[in-house]
Amino acid sequence: MSNFCGTDVETFIRYTGLADRSNQVFQNIDAEKMERCHKATEILKKSFDSLKNAAVFFDETKNATKNQRGMAFVMTDYGYSSFRIDNPEKQKEALKFLEIVDAIAIVSEKDPDTKETVLTLDWRVDGVRF
Amino acid sequence: MVSDFDEVFSEGMTAEERLYNAIFGKPIPEWEGYAIPRIEKFRRFQKASEVFNRLFQNSSTVNKFFYKPEPFQDACGGSVRIYPEGDCESLAVFENREALSELSELIKLVDELEVSAEEMLDGSTSIEISWYIKDPFEGKPES
C-alpha cells in the first residue's frame, strides 16, 4: 500500500485489480466531493450577489479522482476591483467556505479585450488521493 | 514592532495590568474602564500580525505594512501588496490546509478584511490584502 502513496485512485485500482468494486467507491467519493463543490458555489453566489459586475462559475466534471475547480470574479471599469469581509455574517460564510475547499488562489489581471481589471477567486476541491 | 507589546512580568499583576504597564509605563488606574477593551485590541493586533507574517513570509514579490495604533485610540491593521512576476498576473495562493487554516485564523481575529486588485501605472495589476481591527470606542465619546 505504501508504494501507492500520492497515487490517484484510478491508478491504484488499475494496479490492484479492484475494478469490480470500484463503481460504488467512485460514486460515494464523487457524491461527497460534488456536495462540497455545490456548497462552495452557493456560498460564493450569496457573497458576490450584491457586488456590481461579479459572477460565479463552477465547471462540473464526472470523475471522482479529478480535482474540481470553480471561480468567482469581480471587475469594474475604474481599474479597481475588490471584495470585503466586514460583518459577522460575511465572516461566518467565509470561514465555512475555507472549511469546504482544499485550496484557493486570488488572481488579478487585466482582461485583454475589455482592458478592465479583473479580480478572481479560484478554488479547488481535490479528487481522492492516497 | 510587534515586540513592543511583550508583557513585563510583575508578581501580583493580571495579564491585562502587565500589558498596560508595558505600554504606558505606569500601573492601570482603577477608573480606567477604557483600557481593558483596548488591551484586547492590541492582543488581537499582535496575533493577527504574527499570522499575517507567516502567511506571506516566503514570497519575493510582496510588500508588507503594519498600521500600529498611535495614538492609543486608533484602529490598527496591516496590508500586503503583491506584484506580478514578469508579465504574469499577480497571485496569492493558499494551496494547502495549513495555509487555509492560517487565513481562517486571520479572518476570526480582525473586524474587516479586504481583497482588491488595482491597475498600476505601467498597466499591470497588483493585489492588496488589507485587514483592520477597530478601536472598541470608535465613534463613542470617552467622557
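Biologist: How does A:Lys96 count at 40% relative accessibility?

Modeller: A:Lys96 counts as partly exposed; buried means under 20% relative accessible area, exposed over 50%, and partly exposed in between (1.4 Å probe, protein chains only). This is a predicted model, in which local features need pLDDT of at least 70 and side-chain atom pairs pLDDT 80 or more, while totals for chains, interfaces and linings use all residues. Residues are numbered from 1 along each chain as written, chains are lettered from A and ligands numbered from 1 in written order, and side-chain values use heavy atoms, without hydrogens and water.

Biologist: Which residue forms a salt bridge with A:Lys96?

Modeller: Side chains of opposite charge can pair when their charged atoms come close. The rule asks for a side-chain nitrogen of Lys or Arg within 4 Å of a carboxyl oxygen of Asp or Glu. Here the partner is A:Glu93, with the closest N and O atoms 3.2 Å apart. A:Glu93 is buried, at 5%. Both residues lie in helix α3 (residues 88-100) of chain A, 3 residues apart, about one turn of the helix. Helices (H or I, at least four residues) and strands (E, at least two) are DSSP runs numbered from the N terminus.

Biologist: What does the salt bridge of B:Arg81 and B:Glu128 tie together?

Modeller: Their side chains meet at 2.9 Å, N to O. B:Arg81 lies in strand β2 (residues 76-82) of chain B and B:Glu128 in β5 of chain B, so the pair ties together parts 47 residues apart in sequence. B:Arg81 is buried at 17%, and B:Glu128 is buried at 18%.

Biologist: How many salt bridges does the rule find across the interface of chain B and chain A?

Modeller: There are 2. B:Glu114 forms one with A:Arg84, the closest N and O atoms being 3.5 Å apart. A:Arg84 also meets B:Glu112, at 3.7 Å from N to O. A:Arg84 lies in strand β3 of chain A and B:Glu112 in strand β4 of chain B, so this pair joins two chains. A:Arg84 is partly exposed at 39%, whereas B:Glu112 is buried at 17%.

Biologist: How is the size of an interface often given?

Modeller: Often as the accessible area lost when the parts come together. For chain B and chain A that buried area (1.4 Å probe, summed over both) is about 2,400 Å², of which carbon and sulfur atoms give 55%. B:Ile107, B:Val115 and B:Ala117 supply 23% of the area that chain B buries against chain A, more than any other three residues.

Notes:
Buried area = accessible area lost by both parts, 1.4 Å probe.
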